[in-house]
Amino acid sequence: MSSFLITGASSGIGAATALALDAAGHQVFAGVEDPGDGRQALSSASPRLRRVVLDVTSTASIDAAVQEITTQLAGQGLDGVVGNAGIAVAGPIELLPLDDLRRQLEVNVIGQVAVTQATLPLIRRASGRVILVSSIGGRVASQFAGAYYASKHALEAIGDALREELDPEGIAVVLIEPSVISTPIWAKAITSLDDLMASGSPQLERYRDRLLAFRESLRSADAHGKSPQAVADAIEQALTVERPDARYVVGGAGKVLTALRPLVPDRLADKLAEHTAKP
C-alpha cells in the first residue's frame with residue numbers, strides 16, 4: 001500500500017483523485033482548507049482515507065498537516081504529493097485588483113511550492129513523486145484569464161526546474177495539464193468576474209461585450225467540461241507507473257491546442273481568441 005497527499009481535495013479534481021487512489025487500496029491524505037470541507041464529496045471513501053486540514057497559504061497549517069501525516073506514517077515515507085489546490089481569478093489585466101492577483105499567485109504557485117518543500121523529506125524517505133496540477137493554460141494564454149494563466153505558466157517553470165533538480169535522487173516530478181474540466185473552480189471564477197463587472201468602473205464598458213461572452217464560456221466549462229475523473233486517472237497513472245512521463249495532457253482539445261499553438265502566428269491566435277476565449 002502506497003501513501004499519497006492531495007491538496008485541494010474537497011471537490012473537483014482533488015476529490016476525484018482522492019477517491020480513485022483510495023479505491024485502489026492506497027493510504028490517502030486528503031488536504032482540505034477547513035475542517036468541514038469535503039465531507040460530502042469524500043463520503044464514499046473507505047475508512048483509510050484521512051481528511052487533513054491544509055491551507056496551502058498558511059505556513060502554520062502546512063506544518064501542522066505534515067506533522068499529522070508524519071505521525072500517521074509512523075516512520076514510513078510519503079509515496080507522492082499531488083499539488084492540486086487552486087483558484088481562478090478572472091477579468092481584464094487593466095482592471096484586476098492587485099490583491100486578487102496576489103491571491104491568485106499565492107494559492108496556485110507559492111502554496112504549491114510551500115507544500116512541496118514541506119513534504120520533500122517524507123518524499124525522499126519513500127523515493128516518492130511530486131505531481132503538480134497545471135493546465136494547458138500553462139502553455140497558452142488568452143484574454144480575461146491572464147492571472148490564472150500566469151499562475152499556471154509559473155507552475156510549469158517550477159515543475160521543469162524541480163524535475164531537473166530532483167532527478168539525480170530518482171524523485172520524479174510530473175506536470176498534469178488538463179484542458180476544460182467541469183469543476184467548481186469555474187463557478188467561483190464567475191462570481192469574481194460578476195463582482196468586477198458590478199464595480200461600476202467606467203473603463204469596464206470597453207470590455208463589457210467580450211466579458212459577457214467570456215462569462216458564458218466559463219459557465220459552459222462548468223456545465224459541459226470533461227469529468228474530473230479523467231484528470232484523476234492521469235494523476236493515478238503518474239503516481240503508479242514505473243516510469244511516468246514528464247507531462248500528461250488531459251482531454252482531446254488540450255492535446256490539439258498544445259500541438260497546433262506553436263504553428264499559429266501570435267497575431268492570428270489573438271484574433272481567434274477574441275471570439276473563442278475559454279479558460
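The legends below describe close-up views of a predicted model.

**View 1. The chain as a whole.** Nine helices and seven strands occur in the chain, taken as DSSP runs (helices H or I, at least four residues; strands E, at least two) and numbered from the N terminus. Buried residues, meaning those under 20% relative accessible area with a 1.4 Å probe and protein chains only, make up 47% of the 279 residues.

View 2. Helix α6 (residues 208-224) has 17 residues and spans 24 Å from its first C-alpha to its last, close to the 24 Å expected at 1.5 Å a residue, where the expected span is 1.5 Å times one less than the number of residues. Leu211, Phe214, Ser217, Leu218 and Ala221 are buried in α6. They lie on the same side of α6 because they cover an arc of only 115° around the axis, the arc being that of the directions from the helix axis to the C-beta atoms. On the other side, Asp209 and His224 are exposed (over 50% relative accessible area).

**View 3. The largest nonpolar core.** This core, a set of buried Ala, Val, Leu, Ile, Met, Phe, Trp, Tyr and Cys residues joined through side-chain atoms within 4.5 Å, has 26 residues, of which Leu5, Phe29, Ile69, Leu78 and Val130 touch the most other members. Elements that each supply at least two of its residues include α2 (59-73), α3 (98-126) and β5 (129-133).

Residues are numbered from 1 along each chain as its sequence is written, and side-chain values use heavy atoms, leaving out hydrogens and water. In this predicted model, local features need pLDDT of at least 70 and side-chain atom pairs count only at pLDDT 80 or more, whereas totals for chains, interfaces and linings use all residues.
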